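Please keep the sequence and the structure in view while reading.

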Amino acid sequence: MNKINTLRGIKSQLLIVGLILIVIGCQKKPISKCNLLTENGITYTDGRKYTGTCNIFYEDSILMTTVTYKRGELKKSIGYHLGTEQIEYIGYRKDGQIDGDFISYYENGVTSIEGQLDMGVPFGEWTYYDSDNSINKKVIFEKGVVIDSTYYKLDDNPIIIEPKE
């Protein structure tokens with residue numbers, strides 16, 4: 001009976017230690033200031049390709065951008081309105097080009113533009129908003145060329161402008 005109680009006690013202690021380690025490991029760590037070197041499009045720290053996230057500051061005190069790298073390649077950047085730390089845009093990167101979902105924001109936090117890029121070239125539907133979050137226009141791109149656009153007035157009646165042939 002003592003062996004069973006001892007085993008139960010050890011299991012309980014291991015469970016508690018495991019939970020504590022999970023809580024400590026999952027705590028959000030502060031993002032450090034970038035101390036990086038970029039050569040030929042590859043970013044290094046201490047002579048090794050950098051993997052991680054860090055902040056870039058304007059004049060050493062104003063948060064400007066948060067960047068994420070994987071094996072030295074820039075994968076994501078979040079720009080901030082200077083002096084406010086409100087997000088200005090979120091963009092992802094592939095082979096050095098902005099690629100995938102792109103979202104831009106007004107200083108009040110409302111979305112200003114949403115769309116997608118393919119290696120820096122806009123494609124598909126892009127939505128442009130006014131600062132009150134109402135839709136201003138929608139533009140459809142094909143390989144960076146506008147193929148259709150719809151502009152909206154305050155009364156929500158769309159004005160359709162046909163693209164030039």
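Y105 has T111 as its bridge partner in β10. The model is predicted.

**Strands β9 and β10**
- Strand β9 covers residues 97-105, and strand β10 covers residues 111-118.
- The two run antiparallel and are joined by six bridges.
- They form a hairpin, with five residues between the strands.
- G109 sits in the turn and has a positive phi of about 95°.

**Strands β10 and β11**
- β10 also pairs with strand β11, residues 121-129, through five bridges.
- This pairing is antiparallel.
- Q116 has its bridge partner, F123, in β11.
- Two residues lie between the strands of this hairpin, where M119 takes a positive phi near 55°.

**Nonpolar core**
- The largest nonpolar core has six residues: F102, L117, W126, Y128, V139 and F141.
- β11 and β12 (135-142) are the elements that give two or more residues to this core.
- Beyond four places in sequence, F102 touches Y89, I90, G91, I113, E114, G115, L117 and W126.
- Of these contacts, L117 and W126 are also core members.

**T45**
- T45 belongs to strand β3, residues 42-45.
- Is T45 buried or exposed? T45 is buried, because its relative accessible area is 19% and the cut-off for buried is under 20%.
- Apart from neighbours within four places in sequence, T45 is in contact with N35, L36 and Y50.

Terms used: Residues are numbered from 1 along each chain as its sequence is written. This is a predicted model: local features need pLDDT of at least 70, side-chain atom pairs count only at pLDDT 80 or more; totals for chains, interfaces and linings use all residues. Side-chain values use heavy atoms; hydrogens and water are left out. Two strands pair if DSSP finds at least two bridges between them. Helices (H or I, at least four residues) and strands (E, at least two) are DSSP runs, numbered from the N terminus. A nonpolar core is a set of buried Ala, Val, Leu, Ile, Met, Phe, Trp, Tyr and Cys residues joined through side-chain atoms within 4.5 Å. Buried means under 20% relative accessible area, exposed over 50%, partly exposed in between (1.4 Å probe, protein chains only). Contact means heavy atoms within 4.5 Å.
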